[in-house]
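Please look over the sequence and the 3D structure shown below before reading on. The report that follows moves from covalent links to charged pairs, and then to sheets and a loop residue.

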Amino acid sequence: MDPGSPSYGTSDGSCGYGDLSKTAYPFWSVAALSTQNQFYLAGPADGCGECFEIQCLNSGGQFAGRCNSDPSQQSTTVMISDECPECEADHIDMQALTFNKIAPMLNGRIDIQYRRVECTPPVPVKVQIDGNSGTGGWLRLAVTTNGGSGGVKTVQVKGPNSGWEGLSNTFGAEWEIPNQPSLPIDLHVISDSGQEITAYGVMTTSGQTGTVSTNQQFAFSGAPSYSEASSIGSTSSSPSSEGSPASSSSGSSSTSTSVIQSAVASAGPAASAGGEQVSAYDGPPASPASSSSSSSSCNDIAPGSSTCAQQKGWGKCNSGFMTVTGSSTPHGFCSKTCGRC
C-alpha cells in the first residue's frame, strides 16, 4: 500500500472522522491506539481526538538503533483517529509518513516513549454532521479539530423551544440523538479537561449535513500547528529536555505534563524491505478467508466495547478495522453478524 495514499486512520478510521486531508489539521499526523491501551480505555470516546508526543528511542529496547540519525528528527505529535484491535497494549500504530518523521518507515517497528500533550489546531472547533433525518429526527455528528486536551466528554444541542439535550457517544468520536430539537440548533461541548464552548446556530436547515465551523476553540498554551512540514511536536519540549514530567493519571486535564509511557510503534500502511513484511499492520486482506473453514471459526468477537449488533447497525461491517484478521478472528471481527462465514 502506498503510504502517500489515504488509508486506515486517514480515510476509514474507527473514530469516524472520514477522509482527512494532508493539507488540513492534523495533516495526516495521526495514529491508532490499541483497544487495550490505558488512554483508549480511559476515554472519553476511545481517545479519539487526543494528542500524543511520540519520541523514538535509540537504545535500551528490542528495536534499538532504528531512529533518524538527526536528534531533532526523533519526536513528533500525533492525533488519535483510529483504533488497533490487534495491537498489544504497549503498541501504537502510526501513519507511515508520520512514522517517517522520527524513523525510516522501512524499519517497520521502533521503540518509543510517549505522553499525552495539548492539541494545537490552527482552526476553530468544527462540527461534522454525518447523519441527519431532519427536524425531530435522528442526528449523528462528530466534534473535530479540538484544541487543548482534544477529548470530548459531553455534547449537547438546543433548539429555540427546548433546553439543552445530551447526545450519546455511540462509537469513536460520533455522537447521536434520536430526536433532534427544532431549528436553529445550538451546540454546547465540554472537553475532558472541563473546558466548555457554546456555538449558536450551527444547524439552520432541516436535514443539513457536512462540516460547520463553530468559530470557537478550547484554550491551549502552545503555538498552532500550521502545516504537515512544520515541527508538530514543537508545542511541548521533548521529555529528555524537561526532566521528569509531573505524573498525572491517564485522561487527566494536565495534558502537557502526562507521565511518560514506554511502547513500540509501527508504521502503517506497511512498508516492506527485501520482500519481508516489517510492519505490524497493513489493513485487512484482499479477500476474506475461505468459507470452507470450520464453523467454530465463525465467531462474533467485537472490537472495543461496542457489540456486533451495534457495529452492524452503524454500517461498520466492511470498515477496515472490522475486517482485520487474526488467530481468533480469521474472518475479521463480528464475522457471524456481518455474514462473512
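Which residue forms a disulfide with Cys 56? Cys 67 does, with the two sulfur atoms 2.0 Å apart, where a disulfide is a pair of cysteine sulfur atoms within 2.5 Å. This is a predicted model, in which local features need pLDDT of at least 70 and side-chain atom pairs count only at pLDDT 80 or more, while totals for chains, interfaces and linings use all residues. Residues are numbered from 1 along each chain as its sequence is written, and side-chain values use heavy atoms, with hydrogens and water left out.

**The protein as a whole**

The protein has 4 helices and 17 strands, which are DSSP runs numbered from the N terminus, with helices (H or I) of at least four residues and strands (E) of at least two. Of its 341 residues, 53% are buried, a word that stands for under 20% relative accessible area, with exposed for over 50% and partly exposed for values in between (1.4 Å probe, protein chains only). Among contacts (heavy atoms within 4.5 Å) between residues at least 6 apart in sequence, 69% join residues at least 24 apart.

**Disulfides**

A disulfide is a covalent bond between the sulfur atoms of two cysteines. The count of disulfides comes to 6, and the table gives three of them.

| Disulfide | S to S distance | Torsion about the S-S bond |
|---|---|---|
| Cys 15 and Cys 48 | 2.0 Å | -90° |
| Cys 56 and Cys 67 | 2.0 Å | -90° |
| Cys 317 and Cys 338 | 2.0 Å | about -75° |

The link of Cys 15 and Cys 48 is left-handed, with -90° about the S-S bond. This pair links distant parts of the chain, since Cys 15 is in the segment before β1 (30-34) and Cys 48 in the loop between α1 (38-42) and β2, 33 residues apart. Both Cys 15 and Cys 48 are buried.

The link of Cys 56 and Cys 67 is left-handed, with -90° about the S-S bond. Here Cys 56 is in strand β2 and Cys 67 in the loop between β2 and β3 (75-84), 11 residues apart. Cys 56 is buried, as is Cys 67.

The torsion of Cys 317 and Cys 338 is about -75°, so their disulfide is left-handed. Cys 317 and Cys 338 are both in the segment after α4 (308-313), 21 residues apart. Cys 317 is buried at a relative accessible area of 11%, and Cys 338 counts as buried at 19%.

**Salt bridges**

The structure holds 4 salt bridges, each being a side-chain nitrogen of Lys or Arg within 4 Å of a carboxyl oxygen of Asp or Glu. In one of them, the side chains of Glu 53 and Arg 115 meet at 3.0 Å, N to O. Glu 53 is in strand β2 (residues 51-57) and Arg 115 in strand β5 (residues 109-117), 62 residues apart. Glu 53 is buried at 2% relative accessibility, and Arg 115 is buried at 0%.

Asp 192 forms a salt bridge with Arg 116, with the closest N and O atoms 2.8 Å apart. Asp 192 lies in the loop between β12 (185-191) and β13 and Arg 116 in strand β5, so the pair ties together parts that are 76 residues apart in sequence. Glu 50 joins Arg 116 and Asp 192 in a network of salt bridges.

**Sheets and a loop residue**

An open sheet of 4 strands has antiparallel pairing and the order β9-β8-β12-β13, where two strands pair if DSSP finds at least two bridges between them. Its edges are β9 (165-166) and β13 (196-203), each with a single partner strand, so one side of each is left without a neighbour in the sheet. Strand β8 (residues 152-158) is joined to β9 by 2 bridges, and Gln 156 stands opposite Gly 166 in β9.

An open sheet of 5 strands, with antiparallel pairing, has the order β10-β11-β7-β6-β14. In this sheet, β10 (168-171) and β14 (210-213) are the edge strands. Strand β6 (residues 126-132) is joined to β7 by 6 bridges, and Ile 129 stands opposite Leu 141 in β7.

Pro 104 is found in the loop between α2 (96-99) and β5, and counts as partly exposed at 34% relative accessibility.
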